[in-house]
Amino acid sequence: MSHDHGPGHPDGHHPHDHTPGQGSGRLARLRHRAGHLLVPHSHESADKLDAALEASARGMRALWVSLAVLGVTAVAQAVIVVISGSVALLGDTVHNAADALTAVPLGIAFLLGRRAATRRFTYGYGRAEDLAGIVIVATIAASAVFAAWTAIDRLVDPREMQHLWVVAAAAVTGFIGNEWVARYRIRVGRQIGSAALVADGLHARTDGYTSLAVLLSAGGAALGWRLADPVVGLLITAAILLVLRDAAREVFRRVMDAVDPALVDAAETALRQVPGVREVGGLRLRWIGHRLRAEADIVIDGHLSVRAGHRIAVEAEHALLHAVPKLVAAVIHTDVEPDTGERDPHHLLAHHTAA
């Protein structure tokens with residue numbers, strides 16, 4: 001954490017340092033300290049690391065559990081493939097099994113995210129999750145292409161389906177398994193802040209749609225409509241494209257360092273309520289994997305001592321850690337209000353920031 005402080009009065013106070021609302025600020029601090037006594041907690045680096053590791057562990061657990069469910073689903077479908085000899089169901093089974101493997105790059109990303117930062121990767125390896133998210137989006141796009149190609153092929157060359165009730169049962173199994181996995185991954189991904197895990201959940205949902213297509217195709221074939229399979233396949237392709245849009249938007253925003261504006265509002269509000277903070281300048285939040293980092297510029301009285309200014313900066317970081325979920329670190333830069341006639345303290349930087 002970096003703090004810049006201006007020169008101050010030797011005793012850390014200035015004769016004019018009694019601003020309106022100072023009493024309420026003291027009351028706020030007293031209430032906050034009382035809260036600490038009642039609910040002990042810590043913001044030490046080790047505690048932040050433990051929370052981040054726990055989030056990664058939850059992500060890994062979600063992957064393992066969902067892979068187990070998908071494995072059972074694929075085995076059940078494979079057994080029915082042997083019984084029915086359905087080519088359509090065979091394609092769906094192979095497709096689901098192959099797509100389940102997208103959990104591999106995400107699992108690797110979670111493992112990499114646990115590694116400590118180095119002198120080359122000074123922010124750590126959390127960005128590996130974003131790379132995994134890109135792989136998942138690409139796989140969803142490939143699923144859409146595969147579904148469209150299969151549907152068009154069956155329009156050109158319709159095929160008869162055998163053992164329709166068995167195929168329908170396998171399709172229902174595939175849909176239920178994939179939808180459960182989708183909901184589980186998306187829920188955990190939202191809770192730990194992993195856009196890649198959310199995208200992988202959406203990917204599982206596309207697999208469920210593919211299985212549902214087989215079910216609807218079997219129903220159409222039972223009614224004597226030979227083109228049911230390819231027509232439904234085209235409809236499912238459209239559904240996959242909608243899921244692709246959501247997943248791509250989620251991953252794109254994360255790669256571009258987008259955050260929920262509500263988090264920025266919460267951070268600004270928390271900083272403005274810190275006693276001694278007169279104004280909030282720049283405020284930046286960014287995701288690194290499923291962890292948030294912040295950089296903030298605050299304006300304080302330029303006549304405070306270095307110790308007093310540092311105390312305000314620490315309290316500002318503390319306020320951010322409480323106000324912003326999943327925030328693990330904040331860099332607070334303190335600016336001072338220039339006195340009348342005083343040159344802007346940042347004049348040395350002007351030629352570096354000019355357009």
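Biologist: Taking helices as DSSP runs of H or I with at least four residues and strands as runs of E with at least two, numbered from the N terminus, which pattern does the chain follow when read along the sequence?

Modeller: This is a predicted model, in which local features need pLDDT of at least 70 and side-chain atom pairs count only at pLDDT 80 or more, while totals for chains, interfaces and linings use all residues. Residues are numbered from 1 along each chain as its sequence is written, and side-chain values use heavy atoms, with hydrogens and water left out. The chain holds 11 helices and three strands, and their order along the sequence is α-α-α-α-α-α-α-α-α-β-β-α-β-α.

Biologist: What percentage of the residues of the chain count as buried?

Modeller: The chain exposes about 18900 Å², of which carbon and sulfur atoms supply 64%, the areas coming from the Shrake-Rupley method with a 1.4 Å probe and, for residues, with only the protein chains shown as cover. For single residues, buried means under 20% relative accessible area, exposed over 50%, and partly exposed in between. Of the 355 residues, the share that counts as buried is 44%.

Biologist: Of the contacts with a separation of 6 or more, what percentage comes from residues 24 or more positions apart?

Modeller: A contact here means heavy atoms within 4.5 Å. Among the contacts in the chain with a separation of 6 or more, residues 24 or more positions apart account for 76%.

Biologist: Are H5 and H7 roughly parallel or roughly antiparallel to each other?

Modeller: Axes are lines fitted to C-alpha atoms, for helices over the stretch in contact, and angles run from 0 to 180 degrees between N-to-C directions; under 35 degrees counts as roughly parallel, over 145 as roughly antiparallel, 65 to 115 as roughly perpendicular and the rest as oblique. Helix H5 (residues 128-156) packs on helix H7 (residues 195-222) at an angle of about 15°, with the axes 8 Å apart. The two helices are therefore roughly parallel.

Biologist: How many nonpolar, polar and charged residues does the contact of H5 with H7 have?

Modeller: From H5 the contact takes Glu129, Gly133, Ile136, Thr139, Ile140 and Ser143, and from H7 it takes Ala196, Ala199, Asp200, His203 and Thr206. Ala, Val, Leu, Ile, Met, Phe, Trp, Tyr, Cys and Pro count as nonpolar, Asp, Glu, Lys and Arg as charged, and the others, Gly among them, as polar. By these classes, the contact of H5 with H7 has four nonpolar, five polar and two charged residues.

Biologist: Which residues make the contact of H4 with H7?

Modeller: Helix H4 (residues 103-113) packs on H7 at an angle of about 165°, with the axes 11 Å apart, and that makes H4 roughly antiparallel to H7. By class, their contact has five nonpolar residues, no polar ones and one charged residue. H7 contributes Ala196, Leu197 and Asp200, and H4 contributes Ala103, Leu106 and Phe110.

Biologist: How many nonpolar, polar and charged residues are in the contact of H6 with H7?

Modeller: Helix H6 (residues 164-192) and H7 pack at an angle of about 160°, their axes lying 7 Å apart, and they are therefore roughly antiparallel to each other. The residues of this contact divide into 21 nonpolar, six polar and seven charged.

Biologist: What is the relative accessible area of Asp257?

Modeller: Asp257 is found in the loop between helix H8 (228-255) and helix H9 (261-272), where it has a positive phi of about 65° although it is not a glycine. Asp257 is partly exposed, and its relative accessible area is 26%.

Biologist: What is the relative accessible area of Lys326?

Modeller: Lys326, another residue that is not a glycine, has a positive phi of about 70°, and it is found in the loop between helix H10 (306-323) and strand S3 (327-336). Lys326 is partly exposed, with a relative accessible area of 32%.

Key
Buried means under 20% relative accessible area, exposed over 50%, partly exposed in between (1.4 Å probe, protein chains only).
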